[in-house]
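The sequence and the structure are shown first.

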Amino acid sequence: MSRRSGILEFAVLGLLRESPMHGYELRKRLNTSLGIFRAFSYGTLYPCLKTLVANGWLIEEPGPAPETAPGSGRPVAPASSLAGRRAKIVYRLTAEGKEHFEELLSHTGPDSWEDEHFAARFAFFGQTEHEVRMRVLEGRRSRLEERLEKMSASLARTRERLDDYTLELQRHGMESVEREVRWLNELIESERSGRDQRRSSPESSAQQKTAGEPDGLPRRGDNPPDPSGDTAK
């Protein structure tokens, strides 16, 4: 399985964990919620769905009957013929699919720090346990710090041979990476602060014991703390 198809399968399982969807709706959610999938097509999505069904992680169910025009008894014409065809099948996550997705959520290897995979992983941080979020964030930060080091060294070696525009482009790239490192630092600090607050709060400790969650970890499905404190990112 290619890296990109693996990311797509992960995202599909994550979205279907929230609710069953038909293919047209699923593609819209992938486009709007996960911008990294804006360029992919139905020719990419449907083979992925068929693979997940074959693996037992999804099931196909008949969709709702098409709406009828008032007084006519005839189906209302769909917004597009493609949407009309795909609305007939709804994809639902199976128990095995949910278990597989939770296993994928727990992975914290180098793939989870790469550009596209990190974006998909971050989109589902609300369903990810605190310790896993921390390892992914710290791994991503480490990867970017390594990238900055290499970019800086390369710029120092080639500065004299570059024209002004190429030099500015390289500086812009470095500034973009530096901004993401600062953002990650804020997120990591926010995660640590939230963990400390949960540990120190008697009310929180009582709730965690009632819920059976060890070490003050949030239940799976909790949203990660807002890094800015009062403004959603």
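## Basis of the description

Two strands are taken to pair if DSSP finds at least two bridges between them. Strands themselves are DSSP runs of E with at least two residues, numbered from the N terminus. The model discussed here is predicted.

## Sheet arrangement

The sheet is open and contains 3 strands, ordered β1-β3-β2, with antiparallel pairing. Its edge strands are β1 (21-22) and β2 (58-62), each of which pairs on one side only. Strands of a sheet pair through backbone hydrogen bonds, either parallel or antiparallel.

## Pairing with β3

β1 and β3 (residues 89-93) are antiparallel and are connected over 2 bridges. Within this pairing, M21 lies opposite Y91 of β3, while H22 lies opposite V90 of that strand.

β2 and β3 also run antiparallel, and 5 bridges join them. In β3, L93 is the residue that stands opposite L58.

## Burial in helix α2

Helix α2 spans residues 23-33, and its buried residues are G23, L26, L30 and N31. Burial here denotes a relative accessible area under 20%. Viewed down the axis of α2, the buried residues fall within an arc of 135°, and they therefore line one face of the helix.

Key. Residues are numbered from 1 along each chain as its sequence is written. This is a predicted model: local features need pLDDT of at least 70, side-chain atom pairs count only at pLDDT 80 or more; totals for chains, interfaces and linings use all residues. Side-chain values use heavy atoms; hydrogens and water are left out. Helices (H or I, at least four residues) and strands (E, at least two) are DSSP runs, numbered from the N terminus. Buried means under 20% relative accessible area, exposed over 50%, partly exposed in between (1.4 Å probe, protein chains only). The arc is that of the directions from the helix axis to the C-beta atoms.
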